[in-house]
Amino acid sequence: MNQAVKTKPARLPKRRSGKVASLDRKKARAGWWFILPFLLVFFLVYIPIIFDSINFSFHTIYLLSGGGYELDPVGWANYYDALFTDAHFVVTLTGGIQQLLLEVPAIVVFSLFMAVLLNQKMVGRTVFRAIFFIPVILSTGLIDSIDLNNAFTEYSQGSVDSGNAIQGSDSLMSVMDLQNLFAGMKVGHELLEYVVNIVNNVYGIVNRSGVQMLIFLAGLQSISPAIYESCTIDGATAWETFWKITFPMISPMILVNAIYTVIDSFTASSNQVMTYVSSVYENEGGDVLATAMYWIYFTIVILIIAAVAGLLSAYVFYQRRD
Amino acid sequence: MNAEMEKPRLKKKQNKGFDVEFKDRTPFWQRFRARFLTFTFLKKALWAVFRYVLLIGISYVILYPFIAKVAGSFMSKEDFLDVTVRLIPRYPTLDTYKAIITENKYFLALWNTFVLSFLCAVVQMITTMIIGYGFAKFKFKGNTFLFYCVIFTMVVPHQALRLALFQKFRYFDIYGIIQLLTGKTINLINTYWPLAILSFGGLAFKNGLYIFLMRQFFRGVPDELEEAAYVDGSGVFKTFVRIIIPLSMPMMATVFLFAFSWQWTDNFYSTMFFTRTGGYLMPQILTIPSSLDVAGFQASEVYSSAIMNTEALLIILPLLIVYVFGQKFLVQGIERSGIVG
């Protein structure tokens, strides 16, 4: 009771300042009009869809012949089936998440590196930029699903014909070369596998780092040239300039890109978990099971995003602009 | 003239201590050495070579699938049996194109997809702009919370909503109101309505990203601009139409490009909302034309894959044209959005 009394005077000054804020308040009311379309569809259509989707995952669904459908509550059975009965789901899930965690740093580092390259003045920059952003527009959806296991491109590169066990014939470097290189350097086997994976998958990584490159380029462009100028005058080398100026200035973009990459690669249909779950969806009565699987996957990825955001935001540098 | 000839001689003497006896310029070899055999130049040259090797290499990785697709599309059946043929067909033919265009009704799909993508892109461009402006410039209660809702729609995989989306639009209803009024639900499958409704609310494919981009862009627009308009007696909406929209053209072009091309190649919404009997869209041409009879063919796997690649090529051909013209907006628009945090 006492607290309730105490909160009242705190509200009053806000109301008193109404006269000053009247234009602001008028503006604030106009803001609702602007986001009205989103509000309408979000609350009238989208929220029910989300609710339905979660609801379905606790039911079995029967389509009635006369139209309509009937739900039969089964409790946690779908989730239980997904985690304990289905032989492949957990394996695919752990594999997929492992791959996700390995690829995200690779994509972010690669796109940062390429953005720095594409930002430099050189002959043919526009052409290279145009080529590098082709995947953003073209390698999505349908094309992505065709390229996913493309027998013809593999054939034209000559790997089908050779038919030997060495997997490296269609990649840029032979695995054996790398193995020798790393054995000499005495680093762990895991690192070797990581690098081999990335080199083998270079097309996938290049393909999926288009938007990230755009975001990094935008960030690089927004750094004032005056800062670089003063650096050169003070005698900083390009290496120092990168780590002392470019890197901190671009760190907010690294956060944005890391999160975007996680979201993008886990919702991509080329993702192995997504491929597996949509194959489950096509099975008889698999639709609710697949929905349950999607929600399990979603929960895990949300946790990953939260972890990534929490980890990176500790290191992000924001320039104060006033 | 003479004075100019003197100058380099003096300079050289001071700097490098060359014994300059001759009348004309320093000999070629010395000039060459001073200019090209220095550490700085070497470093620069090495970096340039490295850069170009890398850029050209990765460009090759990006372009290779397209080159292979083009090459494969002209190959005839015999080429797939010939082991020596990899990229350049020995018996070039247009049969694959002909079969796809006539049997798979390519032009029908092209037209339908164009209409659908264009309408979606226009609607999405306008609504995400309006919504993004609302989020960027107005401080009403719940602004932050609602923006988190937008982010949420971006994160939820649309595949997870597949069943619910289909059921929702198959038996369309808003909290049971329609059923209450008319006694039955509406079937919206095979119409443009599901996509129209989602686009109108900025909830269709990747629209969360567009709203995010728009919001970041409008946050970069100085408030003084609008305040000046308000002082001159223009209302909020008039200011938006007269001042803000002309300003945001590059960003609109970017969002349009994204929305158009991602809707064009989309195979999730268009196969879900348009079952085979309905609108004939791009995903439906991805079948092997019967006249090319693949079934009993020796290299059938590679051959059918090459046909699929040709179909992919035909699908992206119009997009390629759009990309050539729109590409500069892509970089410009994103550059001006100033995405920070």
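Student: Two residues are in contact if their C-beta atoms, placed from the backbone, lie within 7 Å. With that, what percentage of the contacts in chain A with a separation of 6 or more join residues 24 or more positions apart?

Tutor: The figure is 68%. Keep in mind that this is a predicted model.

Student: OK, and what is that percentage for chain B?

Tutor: In chain B, 72% of the contacts with a separation of 6 or more join residues 24 or more positions apart.

Student: How many helices and strands are there in chain A?

Tutor: Chain A has 17 helices and two strands. Of its 322 residues, 29% are buried.

Student: And how many in chain B?

Tutor: Chain B has 16 helices and zero strands. Its buried residues are 34% of 341.

Student: Which domains does chain A have?

Tutor: The domain assignment gives domain 1, residues 22-77, and domain 2, residues 82-313. Seven residues of domain 1 are in contact with five of domain 2.

Student: Which elements give two or more residues to the domain 1 side of that?

Tutor: They are helix H2 (22-56) and strand E1 (59-63) of chain A. By class, the domain 1 side has three nonpolar, four polar and no charged residues.

Student: Stay in chain A. At what angle do the axes of H4(A) and H16(A) cross?

Tutor: Roughly 155°. H4(A) covers residues 89-119 and H16(A) covers 272-282, and their axes come within 8 Å. Angles over 145 degrees count as roughly antiparallel. The two helices are therefore roughly antiparallel to each other.

Student: Which residues meet there?

Tutor: From H4(A), A:Thr92, A:Leu93, A:Gly95 and A:Gly96. From H16(A), A:Gln272, A:Val273 and A:Tyr276. That contact has three nonpolar, four polar and no charged residues.

Student: New topic. How many residues of each chain are in contact with the other chain?

Tutor: 76 residues of chain B are in contact with 76 of chain A.

Student: How many residues are in the largest nonpolar core?

Tutor: There are 133. A:Met293, B:Met214, B:Val255 and B:Ala259 touch the most other members. H16(B) gives the largest share of this core, 13 residues.

Student: At what angle do the axes of H11(B) and H14(B) cross?

Tutor: At roughly 170°, and the axes come within 11 Å. That makes H11(B) roughly antiparallel to H14(B).

Definitions and conventions:
Residues numbered from 1 in each chain as written. Chains lettered and ligands numbered in written order. Predicted model: local features only at pLDDT ≥ 70, side-chain atom pairs only at ≥ 80, totals over all residues. Axes fitted to C-alpha atoms, helices over the stretch in contact; angles between N-to-C directions. Helix = DSSP H or I, 4+ residues; strand = E, 2+ residues; numbered from the N terminus. Parallel < 35°, antiparallel > 145°, perpendicular 65-115°, else oblique. Nonpolar A, V, L, I, M, F, W, Y, C, P; charged D, E, K, R; others polar. Core = buried A, V, L, I, M, F, W, Y, C linked by C-beta atoms within 7 Å. Buried ≥ 20, exposed ≤ 12 C-beta atoms within 10 Å, placed from the backbone. Domains from an automatic or database assignment.
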